[in-house]
Amino acid sequence: MTVDALTDVAGLRVGHATLRGEGRLTGTTVVLAPQGGAVAAVDVRGGGPGTKETDALDPRNVVQKVEAIVLTGGSAYGLDAASGVMAWLEERGRGVPVGTDPSHVVPVVPAACVFDLGRGGNFRARPDASTGRAAVEAAAAGAPGARVPEGCVGAGTGAVAGGMKGGIGTASTVLDSGVTVAALVVVNAVGSVADPETGVLYGELFQGRVEYPEALVHEAARRRLAEAAAKNTAPGLNTTLAVVATDAELSKAQAQKVAGTAHDGIARAVRPVHLLNDGDTVFALATGVRPLDAGGPLALNDILAAGADLVTRAIVRAVHAAESVDGPGGTWPSYEELYGTR
């Protein structure tokens, strides 16, 4: 049984730590790999990324597998959440061995952040090492194949997408080959996720199942967005983050290709994308349970195509799951508030 989430890739777990109230509107999400780690890669295309340990994922470098990926709010400050995840992994002897003592390990924990500073009202309210530990503990406590909460949770708590409330979404599929591919996305974009002329989500146009809002509903939504924008003073500094995962056996170079192609999924659902004030970053994970056809050099193509499609679908799900925020840090109506459930 699948749950249409990143956890459909056997062995992967997802945990959120959400910080709300008392000036906070932020959080951290951790993707925890199976014991022993997963092959990992990254592709960064935004002009203002905030990342940690991404150089270790270069196929030319020595690290082959990672134990966890951290997605976090708090801009560059929030990258401190990875320290809490590292400490948790070290306590369990999970990481790169660096000596004969099995407890001597260095966990490599790549991380990327979104800008959400001040959206809860307090600019200094941001994730730290304790937030990262809470998120990885939540991931570890989850059952295999558990459903993943979506919307305004974890790293998506303070996310905003083109003036609307953003959040976290996830999706998965099983290919004809039996390989599972899945995606999890934090939607926090400078660009819009909805066509300004119709109100339809760009991602739904791509998926080919569209119900156009009534003209009066769309005009009311446009007025509401304009009113909210006039009240907000926070800068338009954003980022969309994604993790695309598969149970296929991939090299680091193949995983990097998956991460790169998955950016197409963002481009289908967010316009414009990859701007200088975005930090758009996609990670890829491969658990290596299912071998690819060694005699078919194009066997990776189905995974590449699915990864991009799932990123688009996860963005749509994130926007539908998001809830409106009207607080001391700003006002961001949700898509569902503006257009209703359709």
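His 218 touches Asp 195, Pro 196, Glu 197, Thr 198, Gly 199 and Tyr 339, leaving out residues up to four places away in sequence; a contact means heavy atoms within 4.5 Å. The model is predicted, so local features need pLDDT of at least 70 and side-chain atom pairs count only at pLDDT 80 or more, while totals for chains, interfaces and linings use all residues. Residues are numbered from 1 along each chain as its sequence is written, and side-chain values use heavy atoms, with hydrogens and water left out.

His 218 sits in helix H4 (residues 215–231). Helices (H or I, at least four residues) and strands (E, at least two) are DSSP runs, numbered from the N terminus. Because its relative accessibility is 5%, His 218 counts as buried. Buried means under 20% relative accessible area, exposed over 50%, and partly exposed in between, with a 1.4 Å probe and protein chains only.

One contact of His 218, Tyr 339, also belongs to an aromatic pair. Rings of Phe, Tyr and Trp (its six-membered ring) pair if their centres lie within 6.5 Å; planes under 30 degrees apart count as stacked, over 60 as edge-to-face and the rest as tilted. By this rule the count comes to 1 aromatic pair. Its members are Tyr 335 and Tyr 339, which form a tilted pair at 4.7 Å centre to centre with 35 degrees between the planes. Both tyrosines lie in helix H7 (residues 335–339), 4 residues apart, about one turn of the helix. Tyr 335 and Tyr 339 are both buried.

**Overall form**

The chain has 7 helices and 17 strands. With 342 residues, a compact globule would have a radius of gyration near 20 Å, and the 19 Å of the chain therefore agrees. That radius is taken over C-alpha atoms, and the globule rule is 2.2 Å times the number of residues to the power 0.38. Along its principal axes the C-alpha trace spans about 65 × 45 × 35 Å. Of the 342 residues, 56% are buried. Among contacts between residues at least 6 apart in sequence, 78% join residues at least 24 apart.

The chain exposes about 13,600 Å², of which carbon and sulfur atoms supply 52%. Accessible areas come from the Shrake-Rupley method with a 1.4 Å probe; for residues, only the protein chains shown count as cover. There are 28 positive and 36 negative side chains, and the centres of the two sets lie 2 Å apart. Lys and Arg count as positive and Asp and Glu as negative, while His and the chain ends are not counted. The place of a charge is NZ of Lys, CZ of Arg, CG of Asp or CD of Glu.

Asp 8 lies in the segment before E1. Its relative accessibility is 14%, so Asp 8 counts as buried. Apart from neighbours within four places in sequence, Asp 8 is in contact with Met 1, Thr 2, Val 3, Ser 172 and Thr 180.

His 16 is placed in strand E1 (residues 13–21). At 16% relative accessibility, His 16 counts as buried. Beyond residues up to four places away in sequence, the residues that His 16 touches include Thr 28, Thr 29, Ala 135, Ala 138, Val 148 and Ile 168.

Gln 254 lies in helix H5 (residues 252–269). With 28% relative accessibility, Gln 254 counts as partly exposed. Gln 254 touches Glu 249, Leu 292 and Leu 300, not counting residues up to four places away in sequence.

| Pair | Apart in sequence | C-alpha to C-alpha |
|---|---|---|
| Asp 8 and Thr 173 | 165 residues | 8.4 Å |
| His 16 and Thr 131 | 115 residues | 9.0 Å |
| Gln 254 and Ala 189 | 65 residues | 27 Å |

The loop between H5 and strand E15 (281–290) holds Pro 272. The peptide bond from Arg 271 to Pro 272 is cis, with omega near -10 degrees. His 274 also has its place in the loop between H5 and E15. Phi of His 274 is near 60 degrees, a positive value in a residue other than glycine. At 24% relative accessibility, His 274 counts as partly exposed.

Another positive phi in a residue other than glycine belongs to Ser 75, where the value is near 50 degrees. Ser 75 lies in the loop between strand E6 (68–72) and helix H1 (81–91).
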